[in-house]
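I opened the notebook today to look up salt bridges.

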Amino acid sequence: SISMSCFFLSLYFLLNNMIYFIEWEVVSLNSMSIVMTFLFDWMSLLFMSFVLMIASLVIFYSKEYMESDENINRFIMLVLMFVLSMMLLIISPNLISILLGWDGLGLVSYCLVIYFQNVKSYNAGMLTALSNRIGDVAFLLAIAWMLNYGSWNYIFYLEVMQNEFEMLVIGSLMML
């Protein structure tokens with residue numbers, strides 16, 4: 001039902017041309033503050049609805065498929081951690097929090113791949129972890145490039161970077 005709510009909310013946002021930009025101050029110490037930023041628009045809500053729908057189907061079918069498994073609760077917790085990492089990746093306009101979501105996806109993917117604990121799954125898990133490192137390098141390069149602008153919130157600089165080579169480079173690094 002949350003998936004359907006996100007889907008209809010995305011349609012509402014699309015039809016009314018709405019965007020919610022939420023900032024949460026995590027830590028404030030003297031003149032330094034750490035702020036988590038979330039961007040809710042029609043596309044992020046639509047992606048979230050699909051992720052939630054697929055995750056709910058995975059959990060629903062795994063209940064029957066893995067009913068004899070003693071550690072099914074561990075599997076379901078891993079799936080939920082995967083979904084939370086994916087949500088962080090979807091709604092973050094900040095490259096640092098996107099990197100956190102990406103690394104969360106990588107770690108949980110590794111744990112899901114090696115879940116059955118045999119040699120083939122360990123080898124596949126290592127391949128998963130190594131391919132995730134390629135994405136880490138690309139994100140770190142994009143973060144370093146954004147230091148030229150003074151912030152890692154790329155959403156603030158989309159108008160400045162229009163028709164520039166830098167937007168192409170940063171976008172390509174984020175999609176790698």
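My entries on the charged pairs follow.

Entry one. I am working with a predicted model, so I keep that in mind throughout. How many salt bridges does a search of the whole structure find? I got two.

Entry two. I looked up Asp-103 and found its salt bridge with Arg-133, where the closest N and O atoms are 3.3 Å apart. I then checked where the partners sit: Asp-103 is in helix α4 (residues 95–113), while Arg-133 belongs to helix α5 (residues 119–146). The pair therefore ties together parts that are 30 residues apart in sequence.

Entry three. I turned to Asp-136 and saw that its side chain meets that of Arg-133 in a salt bridge, at 2.5 Å from N to O. Here both residues lie in helix α5, three residues apart, which is about one turn of the helix.

Is Asp-136 buried or exposed? I noted a relative accessibility of 10%, so Asp-136 counts as buried, the cut-off for buried being under 20%. Asp-103 is partly exposed, with a relative accessible area of 27%. Arg-133 also came out as partly exposed, at 41% relative accessibility.

Which residues do the shared partners join into one network? I wrote down Asp-103, Arg-133 and Asp-136.

Conventions
Residues numbered from 1 in each chain as written. Predicted model: local features only at pLDDT ≥ 70, side-chain atom pairs only at ≥ 80, totals over all residues. Heavy atoms only, no water. Salt bridge = Lys/Arg side-chain N within 4 Å of Asp/Glu carboxyl O. Helix = DSSP H or I, 4+ residues; strand = E, 2+ residues; numbered from the N terminus. Buried < 20%, exposed > 50% of the residue type's maximum accessible area, 1.4 Å probe, protein only.
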